[in-house]
Amino acid sequence: MEEELNYVAVKFKTNGASKRENLNDMEIIYDEVKTLEEKICDTTPAITENEKKAPLCTLLHLLAASLGIICVILVLVVIAVSIHFNTVKSEQHREYIKLTAQNLQLKTEKSDLERRTEELIRERDGLNWTVGVILEYENFPVKTYCSQKVCKPCLDNWVLFQSSCYLFTKSNLSFGWRTWQESRDECSKVKADLVVIDSQEEQEFINNHTKNYNTDRHGYWIGLSKNGSWMWVDGSNVTVMYWVTQHPGYTTACGLSLPKVNPLANWQKESCSMKNRWICETKALIKPDY
């Protein structure tokens, strides 16, 4: 902005001084007046500029204060969100632990129920087995099997193996021996029949409970006979065979188990009229729980 200059005309009277001197004096006075006016004029724009700068500084202060408040608010929001997130996360963790414990409890209860169910099924099957054995008798010998109100799976002198009872006769005298058919009749008197062997485990069990007596030809009658083809007394076919290497070739013969011979090769084909000891087999009254 250009400065405006005001000039004042001043007249001075001279008292005889030279014109040049008067002119010089006038210039000095003029300069002083002008200088004073400039000073007066120079002070006015300074006040105006300060007045214009004052609102600008106030606006910056307000803007800085606003930004500071916004930052504080943002920090508070971040802290609040973080606290809320940690709270939710902690609740979810507790809920997860609770659900895990409940699932573990449910699995344990399920396992217990399954185990109990299996036990009940075994008990049911065992009771059905016992009822089936009892029904085979017209007059079940309760006192014989269940003395003192406690039932035994097998009668005295019988041997339990798996779910069957076995009777190994022990007479050392010939009058106590029987032919194959007579042996079978003796077994039927005690609700049994000559043994039927259908596994290697049973074959080894029988071999372990037989003893030598009289001669090497004597043994124990088993429920195997031949009348055209070899059959078991229960009508089943022969699925396992444990014949000795050499044996007589009888057309009609019965199976004899020789004691203390190779357990996998101790069946002898003998005449059914030969008298020997015998082995009876019947169902156990109580089915073993394996």
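**Exercise 1.** In which sense do strand 4 and strand 8 pair, parallel or antiparallel, and over how many bridges?

*Solution.* Begin with the model, which is a predicted one, and find strand 4 at residues 220-227 and strand 8 at residues 277-283. The two strands pair in the parallel sense over 2 bridges, and in strand 8 the partner of W221 is W278.

**Exercise 2.** Find which strands run antiparallel to strand 8, and name a bridge partner in each.

*Solution.* Take strand 2 (residues 164-168), which runs antiparallel to strand 8 and is joined to it by 5 bridges; here C165 stands opposite T282. Then turn to strand 3 (residues 193-194), which is also antiparallel to strand 8 and is joined to it by 2 bridges, with D193 facing E281 as its bridge partner. As for covering, 6 of the 7 residues of strand 8 are buried.

**Exercise 3.** Decide whether C154 and C165 are buried or exposed, and describe the disulfide that they form.

*Solution.* The sulfur atoms of C154 and C165 lie 1.9 Å apart in a disulfide. The torsion about their S-S bond is about -85°, so the link is left-handed. It connects distant parts of the chain, with C154 in the loop between helix 2 and strand 1, and C165 in strand 2, 11 residues apart. Since buried means under 20% relative accessible area, C154 at 8% is buried, and C165 at 2% is buried as well.

**Exercise 4.** Describe the link between C254 and C272.

*Solution.* The S to S distance in this disulfide is 1.8 Å, and with 95° about the S-S bond the link is right-handed. C254 belongs to strand 6, whereas C272 lies in the loop between strand 7 and strand 8. C254 is buried at 1%, while C272 is partly exposed at 22%.

Definitions and conventions:
Residues are numbered from 1 along each chain as its sequence is written. This is a predicted model: local features need pLDDT of at least 70, side-chain atom pairs count only at pLDDT 80 or more; totals for chains, interfaces and linings use all residues. Side-chain values use heavy atoms; hydrogens and water are left out. Buried means under 20% relative accessible area, exposed over 50%, partly exposed in between (1.4 Å probe, protein chains only). Helices (H or I, at least four residues) and strands (E, at least two) are DSSP runs, numbered from the N terminus. Two strands pair if DSSP finds at least two bridges between them. A disulfide is a pair of cysteine sulfur atoms within 2.5 Å.
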